[in-house]
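Subject: Structure handover

Hello,

Here is the structure I said I would pass on. My notes on it follow below the entry.

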Amino acid sequence: MKDGSGGFNGVERRGLMFVLSSPSGAGKTTLSRMLVDEAPGLTMSVSATTRPRRPGEVDGRDYYFVDRPKFDAMVEADEFLEWAHVFDNCYGTPRAPVEAALAAGRDVLFDIDWQGTQQLRSRASNDVVSVFILPPSVQDLEHRLHTRAQDSDEVIRGRMKKAGDEMSHFDAYDYIVVNDNIGVAFESVKAILRAEQLKRERQIGIEAFVRDMRRQLEK
Ligand SMILES: Nc1ncnc2c1ncn2[C@@H]1O[C@H](COP(=O)(O)OP(=O)(O)OP(=O)(O)O)[C@@H](O)[C@H]1O
Ligand SMILES: Nc1nc2c(ncn2[C@@H]2O[C@H](COP(=O)(O)O)[C@@H](O)[C@H]2O)c(=O)[nH]1
């Protein structure tokens with residue numbers, strides 16, 4: 001195990017890219033924060049965006065807030081692992097922190113849309129585990145966007161309009177979780193992460209681990 005976070009019983013493990021996507025307001029940011037709080041070895045990928053900062057958001061924690069020329073320069077310099085236009089703004093995943101975390105055997109959590117997920121998959125399909133979060137109903141989705149109280153009515157209308165399009169991509173994801181009760185949804189997402197971490201092919205130190213035990217048994 002390289003960092004004490006993901007390997008089990010001292011067995012070295014390959015880091016995975018754990019992706020949450022959903023229509024806006026279904027709860028992926030909430031679930032991401034809960035996951036990071038409970039899994040200290042999980043690295044949250046912080047995206048860059050041209051979207052204006054919401055009240056309470058912190059630059060470098062929630063996003064890197066950049067203007068369009070800066071974003072374009074980052075695209076030009078190939079600094080993004082993936083990027084996309086979402087809701088009239090640009091969003092992208094800075095490449096360097098993700099590559100560093102994976103190289104250290106750590107898992108990385110992404111809160112990105114379906115376009116970004118597709119791009120990650122085309123680069124590293126074996127290491128991507130994707131979860132699509134659905135709201136329990138259209139009414140709940142709209143209610144959540146309003147109670148979050150961070151976007152104007154116009155922005156909320158725009159996001160609700162695009163929610164159907166977002167949802168149409170559910171079938172490209174490995175897992176689907178309906179986020180009705182947040183505690184239940186969190187347990188589901190946590191269980192998916194744990195099971196994927198335990199996959200034999202990710203435990204790259206398992207052969208040596210078993211070989212060593214067999215050698216001891218032969219003595
Ligand atoms: N299971 C739930 N029950 C009730 N409210 C919830 C639940 N999950 C999340 N919420 C609330 O819904 C609102 C939207 O959640 P959140 O910001 O996590 O969504 P999101 O999918 O990340 O949206 P976006 O794509 O716009 O960033 C928040 O106010 C959050 O507290
Ligand atoms: N393809 C990418 N999508 C991203 C990235 N960061 C966030 N997002 C998605 O954008 C929407 C809107 O987010 P909001 O914070 O403005 O509500 C949401 O679906 C995010 O998942 C990214 O780096 N790449």
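I will start with a helix pair: the axes of helix α5 (residues 138-148) and helix α6 (residues 153-167) come within 11 Å of each other and cross at roughly 150°. An angle over 145° counts as roughly antiparallel, so α5 and α6 are described that way. The crossing of α5 past α6 is right-handed. On the α5 side the residues that meet the partner helix are L141, E142, L145 and H146; on the α6 side they are I156, R159, M160 and A163. Please keep in mind throughout that this is a predicted model.

Helix α1 and helix α7 (residues 182-197) have axes that come within 10 Å and cross at roughly 60°. That angle makes α1 and α7 oblique to each other. The contact uses T30, L31, M34 and L35 from α1, and I182, A185, F186, V189 and K190 from α7. Here, too, α1 passes α7 in a right-handed crossing.

The chain overall

The protein chain has eight helices and nine strands. Its C-alpha trace spans about 75 × 40 × 30 Å along the principal axes. For 219 residues a compact globule would have a radius of gyration near 17 Å, and the 19 Å found for this chain agrees with that. Buried residues come to 30% of the 219. Among contacts with a separation of 6 or more, 70% join residues 24 or more positions apart.

UniProt lists residues 15-194 under "domain: Guanylate kinase-like".

The annotated binding site

Which residues does UniProt place under "binding site"? The record gives S22, P23, S24, G25, A26, G27, K28 and T29. I looked at two of these in more detail.

K28 is in helix α1, which covers residues 28-38. Is K28 buried or exposed? K28 has 26 C-beta neighbours inside 10 Å, and the threshold for buried is 20 or more, so K28 counts as buried. Leaving out residues up to four places away in sequence, K28 touches L20, S21, S22, D111 and I133. One of these, S22, is also listed by UniProt under "binding site".

T29 lies in helix α1 as well. With 15 other C-beta atoms within 10 Å, T29 is partly exposed.

F18 is found in strand β1 (residues 17-21). F18 counts as buried because 25 C-beta neighbours lie inside 10 Å. With residues up to four places away set aside, F18 touches D107, V108, L109, F110, V129 and L193. For one of them, V108, the sequence separation from F18 is 90 residues, while the C-alpha to C-alpha distance is 6.0 Å.

A100 is in helix α3 (residues 95-103). A100 counts as exposed, with 12 C-beta neighbours inside 10 Å; the limit for exposed is 12 or fewer.

Most residues other than glycine have a negative phi. Two residues in this chain are worth a look on that point. Phi of F87 is near 45°, a positive value in a residue that is not glycine. Phi of D88 is likewise positive, near 70°, and D88 is not glycine either. F87 lies in the loop between β5 (80-86) and β6 (89-94), and D88 lies in the loop between β5 and β6 too.

How exposed are F87 and D88? F87 has 15 other C-beta atoms within 10 Å and is therefore partly exposed. D88 has 9 other C-beta atoms within 10 Å, so D88 is exposed.

Regards

Terms used: Residues numbered from 1 in each chain as written. Chains lettered and ligands numbered in written order. Predicted model: local features only at pLDDT ≥ 70, side-chain atom pairs only at ≥ 80, totals over all residues. Helix = DSSP H or I, 4+ residues; strand = E, 2+ residues; numbered from the N terminus. Rg over C-alpha atoms; globule rule 2.2 N^0.38 Å. Contact = placed C-beta atoms within 7 Å. UniProt positions renumbered as here; feature names shortened; annotations may be inferred. Axes fitted to C-alpha atoms, helices over the stretch in contact; angles between N-to-C directions. Parallel < 35°, antiparallel > 145°, perpendicular 65-115°, else oblique. Left-handed = near helix turned anticlockwise from the far one by under 90°.
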